[in-house]
Amino acid sequence: MSFELPKLDYAFDALEPHIDARTMEIHHDKHHAGYTSKLNDAIKGTDLEGKTIENILINLDMSNMAVRNNGGGFYNHSLFWKVMSPDGGGKPTGALLDAITDAFGSFEAFKSEFSNAAGSRFGSGWAWLCVHNGGKVEVCSTPNQDNPLMPDTGCGGTPILGLDVWEHAYYLNYQNRRPDYVDAFFNVINWEEVSKRYEEGK
């Protein structure tokens, strides 16, 4: 069974003005589609074929760059589309907000730490909010298409929120102003989805 490019739950222009339609179209239909196709090519005829993407990444041989890059690209983007919504923004409630407050002191402090992780990642990569067994959360970042599920990435736990800081994610609209893009992302975060992933991950 091969992996399929997931459909978006909203139109390309639904996240405007925060993320523009052209960027969304290219990002989903070209970049994510490319990772999906190359992942399928990389696992075809191997013992990875038929496994879930999570199982592949958790047990990954990090020297297998084709699966590392394209498996990461497939998983990361699949999460990215889900944690955004035209009705997003604001802040979480309930158990997730409690966990964020326990870990960072306040939602504003979390936002600052997450924004710093995204803004200070040199070159291409991702910023993450992860949950550990028991419900503790942490912020981290990874280079390229690495993610916290992979071995020895310096992150841990299950990613429940991810922000793509590759230039293809924002350059048409924001050029070199990555901090403006990171700030805009908070207007489209689907906290309901993130909370659901928090409950499943803890």
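**Reading a predicted fold: a dialogue**

Visitor: Against which elements do the buried residues of α8 pack?

Guide: The buried residues of α8 pack against the helices α3 (65-82), α4 (94-104) and α5 (107-120), and also against β1 (125-131), β2 and β3. Please bear in mind throughout that this is a predicted model.

Visitor: Which residues of helix α8 are buried, and how should I read such a list?

Guide: The general idea comes first. An α-helix has 3.6 residues a turn, so residues three or four places apart point the same way. Now the case here: helix α8 covers residues 191-201, and its buried residues are W191, E193, V194, S195, Y198 and G201.

Visitor: How many helices and strands does the protein chain have, and in what order do they run?

Guide: The protein chain comprises eight helices and three strands. Read from the N terminus, the order is α-α-α-α-α-β-β-β-α-α-α, with the strands standing between two runs of helices.

Visitor: How does the radius of gyration of the protein chain agree with that of a compact globule?

Guide: One compares the value with the expectation for the chain length. A compact globule of 202 residues would have a radius of gyration near 17 Å, and the protein chain has 16 Å, so the two agree. The C-alpha trace spans about 50 × 40 × 30 Å along its principal axes. Of the 202 residues, 49% are buried. Among contacts with a separation of 6 or more, 68% are between residues 24 or more positions apart.

Visitor: What does the accessible surface come to, and how far apart are the mean positions of the charges?

Guide: The accessible surface of the protein chain is about 9400 Å², and carbon and sulfur atoms contribute 47% of it. There are 17 positive and 28 negative charges, whose mean positions lie 2 Å apart.

Visitor: Which cysteines does the disulfide join?

Guide: In general, a disulfide is a covalent bond between the sulfur atoms of two cysteines. This structure holds one disulfide, and it joins C140 to C155 with an S to S distance of 2.0 Å. The pair links distant parts of the chain, 15 residues apart: C140 belongs to strand β2 (residues 137-143), whereas C155 lies in the loop between β2 and β3 (158-164). The angle about the S-S bond is 125°, and the link is right-handed. Both cysteines, C140 and C155, are buried.

Visitor: What should I look for in the backbone angles, and where do N144 and Q175 lie?

Guide: Most residues other than glycine have a negative phi, and most peptide bonds are trans. N144 has a positive phi, near 55°, although the residue is not glycine. N144 is located in the loop between β2 and β3 and is partly exposed, at a relative accessible area of 39%. Q175, likewise not a glycine, has a positive phi of about 50°. Q175 is in the loop between α6 (171-174) and α7 (178-185), and its relative accessibility of 30% makes it partly exposed.

Visitor: Is the peptide bond from E16 to P17 cis or trans?

Guide: The bond from E16 to P17 is cis, with omega near 5°. P17 is found in the segment before α1 (21-43).

Technical notes. Residues numbered from 1 in each chain as written. Predicted model: local features only at pLDDT ≥ 70, side-chain atom pairs only at ≥ 80, totals over all residues. Heavy atoms only, no water. Helix = DSSP H or I, 4+ residues; strand = E, 2+ residues; numbered from the N terminus. Rg over C-alpha atoms; globule rule 2.2 N^0.38 Å. Buried < 20%, exposed > 50% of the residue type's maximum accessible area, 1.4 Å probe, protein only. Contact = heavy atoms within 4.5 Å. Areas by Shrake-Rupley, 256 points an atom, 1.4 Å probe, with all protein chains shown as cover. Lys, Arg positive; Asp, Glu negative; His and termini not counted. Charge placed at Lys NZ, Arg CZ, Asp CG, Glu CD. Disulfide = S-S within 2.5 Å.
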